[in-house]
Each structure stands twice: as C-alpha cells, then as structure tokens.
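Subject: Structure for your review

Dear colleague,

Please find the structure below, handed over for your own work. A short account of the findings comes after it.

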Amino acid sequence: MTLMDHLPALLIIAPLAGAALVFVTSRSVDRAITCITAAVITGLAVLLVARVLDGGALRYEIGGWGAPLGIDLVADGPAALFILLTAIVGSAVTAYATGYFPVTEPTRYGHGLFWTLWLFMWTSLNALFLTGDVFNVYVCLELVGISAVALVTLKGDAEALRAGGRYLFASMLAAMTYLLGVALLYSAVGQLDMEVLRDALQQPGAAASGAAVGLTLMVAALVLKTALVPAHFWLPTAHASAPTPVSAALSALVVKGSYFALLRLMLGVMPPGFLPGVDVALAVLGSIAIVWGSVQALLQSRIKQFVAYSTVAQIGYLFIVFPLARTGGDVLALALGGTLLHATAHGLAKAGLFLGAGSLMERFGHAEIARMRGAARSAPVLTAVITLAGVTMMGLPPSGGFGSKWMLISASVQAGQWWWALVLGLGGLLAAAYMFRVVAVLMADTADDVGPARAAVRLEWAPLVLAVAALFLVLAAPLVNDLVAISSLVPPGVMLP
Amino acid sequence: MAWLPVLIPALAAVGTFVLGEDRARARNALNLGAAILTAGIVTALAVRAYDGTVTVSTLPMLPGVDLGVHGDLTGLLFAAVASVLWCVTLVYAIGYMDHARDRARFFGFFALCISAANGVALATDPVSLFLFYEVLTLTTYPLVVHSGTAEARTAGRTYLLYALGGGTALLLGVAWLTVIAGQTPFTPGGALHAVSGHTTALRVVFGLMAAGFGVKAALMPLHGWLPGAMVAPAPVSSLLHAVAVVKAGVFGMIRLVNELYGPELASSLGVAQVLAALAAVSIVTASVIALRQDDLKKRLAYSTVAQLSYITLGVALCSPLAAAGALAHLAHHAFMKITMFFTAGSLAETLHVKKLSEMGGVARRMPLTMSAFAVAAFALAGIPPLAGFASKWLLGSGSVEADAPWALLVYVAAGALAMGYMVPILLASLRAGDRGSRTGIESDPRMLWPIVIVGAMSIILGLTAGMPGSPIHWAMTAVAPSFGGVTP
C-alpha cells in the first residue's frame, strides 16, 4: 500500500498529532505547530480529492479487519469535498486566529487552550466526514460537540458560559437521542456499517421492525445538531458569543458535520420512502428556516447575531434536496450537486463573513451595526468582505450560491415540484434584504469613530480570500459535480445519470 | 478574443482598487488605456462579424450549462456603444470628480459596470446573459449610493428592490426554459422551434423574462427605481440612463424576441402583442409625466423611460424594419441622452443649477454646452437629418410594415410630446437671468469637450445613416437573419 491508500487515516492522524504536540510543548510554539499542521492537512486533503477523482471512492479498513467486524473509513466524492472545504476554511481560520489572539496577552480568552481544542475539533470533523459506521458517527459527534462547547466558552464571561451551557444541552440531547436510535437500530438489524445496513434495510419487513423508530430518532438528533428550525434555538447565541475564529469554524464547518451524517443516513442508507413523509417534512422545515432565519437576520442589531441568523436561513437550503432525491437520474445529480455546492459556498462565505464581522467589531470597538457607518472609507477591505460574502448569501452570479440555486431550481422544476423553486427565489430576495441593510450602513457618508487598524493584516486578508473564493465558486461547479458522481449518497433503487 | 471586452474592464477595475485613492494619474491612465483598448477590440470583432465570422468562446460552468460569449453583430453594437461611451464618460468623470472623495471606488465600479454590460451584450445564451445581468445590478449599486447620503441610500434600496425582484423573475424564467429546452444559444429567428408545443409554459417563461428585462428597461409600471436613482453623480446618471443599465434591459428584450423566441413564435403565442401594448402605454404616459417635471434630471429620466419603450415597442412589432429601428435607436439614444445628462451634470456642478426654473442665463454662460444640448434635444425629438430621425423613420416604417398603424400614431405623438418636454428646457436656458453674470464661461474643459463630441455625434450619426458601419446599417445587417435573411 502506498501513501495514497492511507490518506483517510492520515487525515485523522495529522490533526490529532498536531493537537497532542501543541498540548505537550511550550506555549511559544503553539501557533507554529498549528500553522504547520493546517498546511499538512490541506496538502493531504488536496491529495485525497485527486485520488478520489482518479480512482473512485476509497474504503479504508482500520487495522485490516473490515466490516462487519472492524471499523471502515469511507472516502467518497462528497466526503473528500467536505474534507477539502474544512482544510481551506480551517487554514484561513488558523491564519486569522494567529492575528486575533494577541501574543502579548497569553491568558486573554484563555487562548492557551484554543490551539489544542481547535486541532482536536478538526480531527473529529475529519473523522466524522470519513466514518462509514453509524456508531462511529455518534462518537465523532460527541467529540466535535465537546470541543465546540469548550471553544465557545473560552472567553469565560457570563454570556459565553450561558451560550455554552445552552449549546452543551442541545449537544447532549442530540447525542443521547442519536445513541438511543443506534441502539434500537442495532437490536433490530444487528448491523452498524452503513453499507451493510443499506442492504439489510432493503429486506422485506425491515420497515416494520424497530429499525424505523431507531432511524427516526437518529434523524431527529442530527436535525437538532444541524440547527434546522425549530431546533435552532441554541445556534445564534453560541455562534455569536464565541471568539471570532470559533464562530467562523462553527458556522462554516461544524453544522456541516452533522448535516453530512444526516445526508448519509437519508440518502446513502435508507431506501426511498423508508420513513414516509420525513423527506418532505425536512424540506418544509428548511423552507421555514429560510424565511424565519432571514427575517430574524433582518431584525438583529448586533453584527455577529446577524451573521448567525443568516446561518439559520442558509442551512434551510440544504434540506430541499430530500424530496427531490428519490426521483433519481438527472434530478438527483442536480439536487445533490446543488446542495453540496451550496454547503461549500456557504462554508467559505460564512467563514469570511464571520471573520470580517469580527474584525469590524474590533475596529469599531462595539457590535452595533447601526454605529458602523462610514466603514467603506475607514475599513474598505472589510466592507468588501461583507459585500462579496453577501453575494454568495444572496445566490447571485458568479458566486457558488448562484450555482447551487440554479441547480436546485432546475432540479425542482424537472421533478415537477416547482414550489421549491419559488422558495429558493424568495430566499435570495430575503438574503439581499438583510445583507444590503448592513452594506448600506457601511456605505453611509457620516462616519463613526474607528480605532486604529490592528497590525495583523491577516485580520483583513484571511476573510477577503474566503469571500473572493466563494464569489467565483461557480467556476468550481464542474469539480463538485465530478465528485458527486463518485458518491455513495444514492438511495437504493435510484440511479445517478 | 470575445472575452476581452469583458475581461479588460474587469482587470482595469481590479487595478483601480489596488492603486487606491491617491494615485490619480496612474488610475486615469489605466482606465483610459483600458477603455480605448476595449473599444478597439470591439471594433476589430465587429469588422470580423461584418465579414460573417462570429467569434465564440465558452467555458464549462454548471451541469449542461456553459458560460459563453460571442461576437455577433447585434451584441457588438451594444458593446460598441458601451465601450465608446466609456472612453468619453471617463474624460468627463475625471473632470467632474476632480475634488470628490472615494474616487478609486467610483472608477473601479464604473469599470466593473462596463465589464458586465459588455458581458450582457456578448452573452451567447439566456443563462450567460442572466449571469452578467445580475453582476450589472450588483456593480451599479455602489455607484447609486456613492455619496452615502440618506437620500442616496434610499434610492439604492429602491433600485435593488426593483432590480433584484426582476432578476429573480428572470432566473426562474431562464431556469424553467432550460429545463424545457436545454441551454438554447441565441439564434437569429428563434431557438425554440423544437419545443414550440409547450405553449403555456413558453408564455409564462416569456412573461417572467420580459418582467426581468422590463425592470432595467424601465417599462412601466416597472420604472419606479429610475427617477430616484438620479441622486447618483452625473457620470453615473449618464451611464445608468444612457449606456449600460437601461440598455441592458432593452437589449435583453431584443435578444428575447428576435433571437430566443423568434418574431414568428413570439407573435403566434400572442406575447409580442401584449409587450407592444405595454410599451405603447409606457411611451405616452412617461412623455406626459416628463412635461410636468421642473427638476432637469427627473425630466430627462422620464424622457428616458419613454425612449426606452420606443425600442421595446419596435422589437415587439416583429417586423424587420421596426426591429432594425429599435436596435439602431438603442445606439442613437445613447449618444443623444448622454449629451443631455452630461449637460445636466455640468450645470449642477459648475452653476449649481438643477431645475428648469433656475436656468435663466445659462445659455449665455455656457454657449457651447447648451448648443450641444440643443442638437441632442432636436435629435431626440426626431428632427431630420439628426440621428433620432433616422431611427424613428425606421421605427415608423416598421409600424406600417407590421400593419400596425396605431404604433405609427404612437411614435408620431411621442415625437410631438418630446418636442413638448425638450423645448421648454432650451427656452428656460435662453431666458435672461443672473446665472450669466458669474465670471468665466463654460465649465472644466474635461467636462466641456466630451459634451461637444457626443453632441456632434448626434449630427454625424444622422448624416452618415446610410453608410456601412453606421448604427442604422449595422442594425439592418444584424437583424436581417432573424427575418429569413432578407435585408430590409
């Protein structure tokens, strides 16, 4: 076996080794180790995408045992895409964090712990994307959840602790529900590996067993972790009160982790209609999320809360795929491609938006949007970040958001479910409303006081790189579609074209 | 090569942003150089297109959808107007914005607008056109709110409300069409013959797309954003009202009727007739409203609404002569209207005159400027042998050819109304008033000469109407294939 065959394991080992090194070595080398680790992971992620495009999905048997006895890692096209997204966003967040956490005040925000926790969360996310086993999903979800809660509470003030507590509650509730679901599923089917489960669930009578109840619980748990309306109650406070690099990672990546597990369950494991009505219900909730999240974003007076509610809205788009998927063929390819492109574009743009919003807060010394007038002149790069990232939120060309909206609308019309197309159109308009409300303030001619620019140019350039990448992401749509073609997210009995 | 008219202005914009606020000389040189280069490339493409060689270039984008541009005659006429007027407007804007703030932002987005407008002009198909059309909306917004005042920001919000609403309608229409027919490149005479059985769907798609284009084309009742957007700096008003934005709307109508549905299908579905009726109502209503405006820029704005509907009506008549007249009027109106907006900007910037009632003595103070304005005003009203006459003659003959005498009546009435709203401006400037007593004559030469040049174009384009390469000849050659290759 060559290095290329070990890529899935290496993508988990590298960040874990980095986290361990940061933990045991002196504080003065934290940043250096984290940056090197981020670079290594990015390199490995690029190799993984190349490998998957070249040789198809990769199945890696840990210790050589193989399912159903051992634990398998599965690196198919979508998993490789999410790993690459995590690597790119993660590198930008790391670069930003080196400028954000002041070197001179090592205890502020308790950031001595940041680097370890951050690499540990990265490890768990990569593992979550790669795991091919429903029980391991539980383990990874717990690891991601614990490190995320710890990161949210880094600042240690009352607001952070309250938000962290709420987040912890949601996270534990989801984990317990999921575990209960897995237990029921296991007692009914006796299998945990997703591919084996997929075959088992197609047996006649599988739906009547406890498997359906177990899977329902698992889906509900993942919906809670992904913060789909009405289970979004924990997200805005947790994402808004965390230190800025953490906010970016949570909104851009962590919600995608549980979402990806949900996608695997709904499309990769269950036959169409196994849980009747759930696919439509999820899309309806997604539509409500688009409207509700946007309206809330429109009403927020503080900038990070505003960005967080925009995440609530954008998550909704990810759920339109489910009622479309069972049609198969072109519709499935379009809907899946659009959804994954949306997840990618949103990941890049939302990380950029959060990092940019955090820098604006630092510059103005407060979080009130209404008192950030004149930023277009005093902080032009940050204004550009907010505006360009906004283009993706609105789904206007040439952003990745446009590509995904186009594909989802085409899929809806082609499947004869045109009403989703109207929701998608309305969502774009609402996003324009909430984004331009903020942009208009930044463009105002009256100027509010700003503090001096921090020496670290990373605070401006890291978000700009992300926002620009998202802006031209429609050009990456062919790559995403190639990766979708190497997907295990195809319901049994349904074909990709 | 077909990408260059899109890429060069975009690169100039990036350069402008990177150069920053203070390096004015380098910025001006970069923008002027890019503008002249772009105009040259468009000309070269046009020479090729006249010889029958259409340069096409595509780039894979979404599944089953490529992003493409091509240098065909119809598109190149619009691109030529945008690029040539970009050169002129730049000189004017450099003078106008001499002491203004945020010039890097201004010139950067200006160049981006031209890039997007050229993209709209050269797009090969509805999806690519939609892409550039939305980019145009976004890049115009910072120009509309440029001053940052509360008034400007309100105007910006109204603009976005209309433009993004229209854009959403266009997106749904284009997406639906692509599901029915796949990606359909614009083809003279229509590209939808194979799917003409889907009559209901095609009617709805036409409605959605026409609504999308109608916003920028200020087709009543979708024109509400245009008078408000007048708060923008004068070079932007000129660009908005004469060159890029509104023309992108009517240009979309031309592509939609002539080269997507085709005149035959559009009239057999009955959609062209509805569009024609809306445009006719829009012409008359806007002209009447223009009569009563005291604010100079508002009066010009309503005149724009009326003139744009001339073009829409011409296309919707589905006759070769009217279609050629519409395309030629797109170019002619650009030159005439930009002269007027430049003049309005000079009056406001140099003399602080914004209303007709304040214009006394202006003609004595700025004789050259007001002469150029007068030429453009008479051209707009269709006085021979100026540019507006030539295109209106074609539009009128086209009405007869289409067996629609009522349209001829509308055009004649609108001509009379145009005299009605233009002549009072000239009279107001000739009245005695204190404006003439101020020291100095005319304005900054960088503002004066562009006005004189574009004003002179109204005469030159009228006199050379029959020659190859003139907008009239160009438009006739361009629309001929849509009507079975017969040169009208």
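Predicted model: local features only at pLDDT ≥ 70, side-chain atom pairs only at ≥ 80, totals over all residues.

Residues are numbered from 1 along each chain as its sequence is written, and chains are lettered from A and ligands numbered from 1 in the order in which they are written.

Chain A brings 29 residues to the contact and chain B brings 27 residues (contact: C-beta atoms, placed from the backbone, within 7 Å). On the side of chain A that touches chain B, α14 (329–364), α17 (400–414), α18 (419–442) and α20 (477–485) each supply at least two residues (helices: DSSP runs of H or I, at least four residues, numbered from the N terminus). That side of chain A has 20 nonpolar, 7 polar and 2 charged residues (nonpolar: Ala, Val, Leu, Ile, Met, Phe, Trp, Tyr, Cys and Pro; charged: Asp, Glu, Lys and Arg; polar: the others, Gly among them).

Within chain A, helix α3 (residues 77–100) packs with α14(A) at an angle of about 5°, their axes 10 Å apart (axes: lines fitted to C-alpha atoms, for helices over the stretch in contact; angles: 0 to 180 degrees between N-to-C directions). α3(A) is therefore roughly parallel to α14(A) (under 35 degrees; over 145 is roughly antiparallel). Residues making this contact include Y96(A) of α3(A) and G347(A) of α14(A).

In chain B, helix α2 (residues 24–50) and helix α3 (residues 73–96) pack at about 160°, with axes 9 Å apart, and are therefore roughly antiparallel. Their contact residues comprise 17 nonpolar, 5 polar and no charged.

With kind regards

Technical notes: Contact = placed C-beta atoms within 7 Å. Parallel < 35°, antiparallel > 145°, perpendicular 65-115°, else oblique.
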